[in-house]
Amino acid sequence: MGFILMYDITNEESFNAVQDWATQIKTYSWDNAQVILVGNKCDMDEERVVLFEKGKHLADQLGFEYYEASAKENINVRQVFERLVDIICVKMSERVDTDPPMVTGAKTTRLTDKPPQLPQNCC
């Protein structure tokens, strides 16, 4: 359903491999798989070889969202995972809204629907 495609901002070679990884994701995964591109090690700015703008530009070209993070310093780690879950949920919701029910005449229940009211004397 989703991928975090990560490269090392202090390693140009890992950045150069992103295009190939993205191609493999698009070739071998589901059509609706969501991808976020992440430049890791943003805590090592003094050793940076891949500028933020370059990472952002590539993400835009590939149609991915872009973040920079540091697993070591716990910078943007939670935000990246939460954003990936958010975009997966949005895509799943869009699919539920557009897909017809599997059985003719079946009622489709969505996560946003209110649950049916139970009688007050029920446990």
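# Salt bridges and aromatic pairs

Lysine 56 is partly exposed, at 34% relative accessibility (buried means under 20% relative accessible area, exposed over 50%, partly exposed in between, with a 1.4 Å probe and protein chains only). This is a predicted model, in which local features need pLDDT of at least 70 and side-chain atom pairs count only at pLDDT 80 or more, while totals for chains, interfaces and linings use all residues. Residues are numbered from 1 along each chain as its sequence is written, and side-chain values use heavy atoms, with hydrogens and water left out.

**Salt bridges**

- The whole structure contains eight salt bridges (a side-chain nitrogen of Lys or Arg within 4 Å of a carboxyl oxygen of Asp or Glu).
- Lysine 56 is bridged to aspartate 60, with 2.8 Å between the closest N and O atoms.
- Lysine 56 and aspartate 60 are four residues apart in helix α3, and are therefore separated by about one helical turn (helices are DSSP runs of H or I with at least four residues, strands are runs of E with at least two, and both are numbered from the N terminus).
- Aspartate 60 is partly exposed, at 46% relative accessibility.
- Glutamate 12 and lysine 54 form another bridge, their closest N and O atoms being 2.9 Å apart.
- Because glutamate 12 belongs to helix α1 (residues 12-16) and lysine 54 to helix α3, this pair ties together parts that are 42 residues apart in sequence.
- Glutamate 12 is partly exposed at 28% relative accessibility, and lysine 54 is partly exposed with a relative accessible area of 39%.
- Arginine 48 and aspartate 45 meet through their side chains in a salt bridge of 2.6 Å, N to O.
- Aspartate 45 has a relative accessible area of 47% and is partly exposed.
- A network of salt bridges links Asp45, Arg48 and Glu68.

**Aromatic pairs**

- There are two aromatic pairs in the structure (rings of Phe, Tyr and Trp, the last by its six-membered ring, with centres within 6.5 Å; planes under 30 degrees apart count as stacked, over 60 as edge-to-face and the rest as tilted).
- Tyrosine 7 and phenylalanine 15 pair edge-to-face, at 5.0 Å centre to centre and 70° between the planes.
- Both tyrosine 7 and phenylalanine 15 are buried.
- Phenylalanine 52 and tyrosine 66 also form an edge-to-face pair, at 5.3 Å centre to centre with 65° between the planes.
- Phenylalanine 52 is in helix α3 (residues 52-62) and tyrosine 66 in strand β3 (residues 65-69), so their pair ties together parts that are 14 residues apart in sequence.
- Phenylalanine 52 is partly exposed at 37% relative accessibility, whereas tyrosine 66 is buried with a relative accessible area of 9%.
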